[in-house]
Amino acid sequence: MTIVLVGTLLGIVIGLFLPYTYNTIYSLYVSVVILASFDSILGGVNAELQNKFDIKIFLSGFFGNTMIAVLLTFFGDRVGVPIYYATIVVFGSRIFNNFAEIRRILIKKLEKKKNM
């Protein structure tokens, strides 16, 4: 879990202080990569809170989800069909589901501490 948090914070710091711009042609790809990455990060936090975190599963999901999102976006871009909408819907709903699980777990832990 520490590796996930350190990597996330390092990425945020680099993103804030290292001015990098990309061509607007890639904005669709960057947005689905960010969405897939955020989904994986929240999934890792959720797994850690449930004591089920495994770095191999996290990393394979992180890079696998990101690659699938990019490939779907690329394929849809080439054939003229906005397939990236599927990635937005799937990863968006997973983000909200993971957040709901994290919220429930944290609330239960806080209630348990209050009762002690």
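**Figure 1. Helix H2 passes helix H4 in a left-handed crossing.** The crossing is called left-handed because the near helix is turned anticlockwise from the far one by less than a right angle (clockwise would be right-handed). The structure is a predicted model, in which local features need pLDDT of at least 70 and side-chain atom pairs count only at pLDDT 80 or more, whereas totals for chains, interfaces and linings use all residues. Residues are numbered from 1 along each chain as its sequence is written, and side-chain values use heavy atoms, with hydrogens and water left out. Helices are DSSP runs of H or I with at least four residues, numbered from the N terminus.

**Figure 2. Axis geometry of H2 and H4.** Two packed helices are described by the angle between their axes and the distance between the axes. Here the axes come within 9 Å and cross at roughly 25 degrees; they are lines fitted to C-alpha atoms over the stretch in contact, with angles running from 0 to 180 degrees between N-to-C directions. H2 is therefore roughly parallel to H4, a term for angles under 35 degrees. The residues of this contact comprise 15 nonpolar, five polar and four charged. In this division, Ala, Val, Leu, Ile, Met, Phe, Trp, Tyr, Cys and Pro count as nonpolar, Asp, Glu, Lys and Arg as charged, and the others, Gly among them, as polar.

**Figure 3. The largest nonpolar core.** Six residues form this core: Leu-42, Val-45, Leu-49, Ile-95, Ile-102 and Ile-105. Helix H2 (27-49) and H4 are the elements that give two or more residues to it. A second, separate core of five residues includes Val-32, Ala-36, Tyr-84 and Phe-91. A nonpolar core is a set of buried Ala, Val, Leu, Ile, Met, Phe, Trp, Tyr and Cys residues joined through side-chain atoms within 4.5 Å.

Figure 4. Asn-46 counts as buried because its relative accessibility is 9%; buried means under 20% relative accessible area, exposed over 50% and partly exposed in between (1.4 Å probe, protein chains only).

**Figure 5. Ser-93 in helix H4 (residues 84-115).** With 36% relative accessibility, Ser-93 counts as partly exposed. Ser-93 and Asp-39 are 54 residues apart in sequence, and their C-alpha atoms are 9.1 Å apart in space.

Notes
Parallel < 35°, antiparallel > 145°, perpendicular 65-115°, else oblique.
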